[in-house]
Amino acid sequence: MSIAELAFKNAPIGMCILESRVIRTPNDAFANMFQTSVEACKGLSIAEFYASAEDFESFGERVRDAFEKQGSYQDERIMKRADGTMFWCRVRGKSLTPDNPFHCGVWTFADLSDERPVVELTQREREVAILTCRGQTSKEIGLALNLSYRTVEEYRARLLKKFGARKLAELVAKLSGMPL
């Protein structure tokens, strides 16, 4: 095994090569994070580790847009382990085939469980939470999600309650894992 192969296999962060959103080459940290084995991961759609089918579709659209614009993507999202438990994960990816962004890419995954516990959220609440953390206003979020800004405000009110936050800044701090 070459030094590069050893480094990939034993990297302290989850890594994998995806081809058309199918796991081709995961490393040990990736398999451990998702509570499975390297061999069991190979050939699986990465959708198996998304919180929902809706997440797989909506993140896919965002990733494609980012890949086409800059060739890379990053976010923090809730993902699912093989046993079904959810956890926050920092995800970063780079397309190795710019002309066909999903054909081949390298991805890293960092488990944020220790800093950020999972709170049960609906798909729409997750989307509003993510865009809120990106600093978008209710009107901007409404445009992005095809909702009225008042509906976005209702989702934000639910998020405040679920996270025990009194104001938006406190909610963002809790969502991003920052100390309060």
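Q: Which residues are buried in H4?
A: First, a heads-up: this is a predicted model, where local features need pLDDT of at least 70, side-chain atom pairs count only at pLDDT 80 or more, and totals for chains, interfaces and linings use all residues. Residues are numbered from 1 along each chain as its sequence is written, and side-chain values use heavy atoms, with hydrogens and water left out. Helices (H or I, at least four residues) and strands (E, at least two) are DSSP runs, numbered from the N terminus. Buried means under 20% relative accessible area, exposed over 50%, and partly exposed in between, with a 1.4 Å probe and protein chains only; in H4 the buried ones are Asp55, Phe56, Ser58, Phe59, Gly60, Val63, Ala66 and Phe67.

Q: What covers the buried residues of H4?
A: Look for contact, meaning heavy atoms within 4.5 Å. The cover includes strand S3 (72–80), strand S4 (86–95), strand S5 (105–111) and H5.

Q: How far does H4 reach from its first C-alpha to its last?
A: H4 covers residues 53–70, so to speak, and has 18 residues. The expected span of a helix is 1.5 Å times one less than its number of residues. For H4 the expected value is 26 Å, and the reach is close to that, at 25 Å.

Q: Are H4 and H5 roughly parallel or roughly antiparallel?
A: Axes are lines fitted to C-alpha atoms, for helices over the stretch in contact, and angles run from 0 to 180 degrees between N-to-C directions. H4 and H5 pack at about 30°, with their axes 10 Å apart. Angles under 35 degrees count as roughly parallel, over 145 as roughly antiparallel, 65 to 115 as roughly perpendicular and the rest as oblique. That makes H4 and H5 roughly parallel.

Q: Which residues of H7 make the contact with H5?
A: H5 and H7 pack at an angle of about 90°, their axes 10 Å apart, so the two are roughly perpendicular. From H5 come Arg124, Glu125, Val128, Ala129 and Thr132. From H7 come Val152, Tyr155, Arg156, Arg158, Leu159 and Lys162.

Q: Which residues are buried in H8?
A: H8 takes in residues 168–176. What covers its buried residues includes helix H5 (123–133) and helix H7 (149–163). The buried residues of H8 are Glu170, Leu171, Ala173 and Leu175.

Q: Is Pro12 buried or exposed?
A: Pro12 sits in the loop between helix H1 (3–10) and strand S1 (14–19). Its relative accessibility is 86%, so Pro12 counts as exposed.
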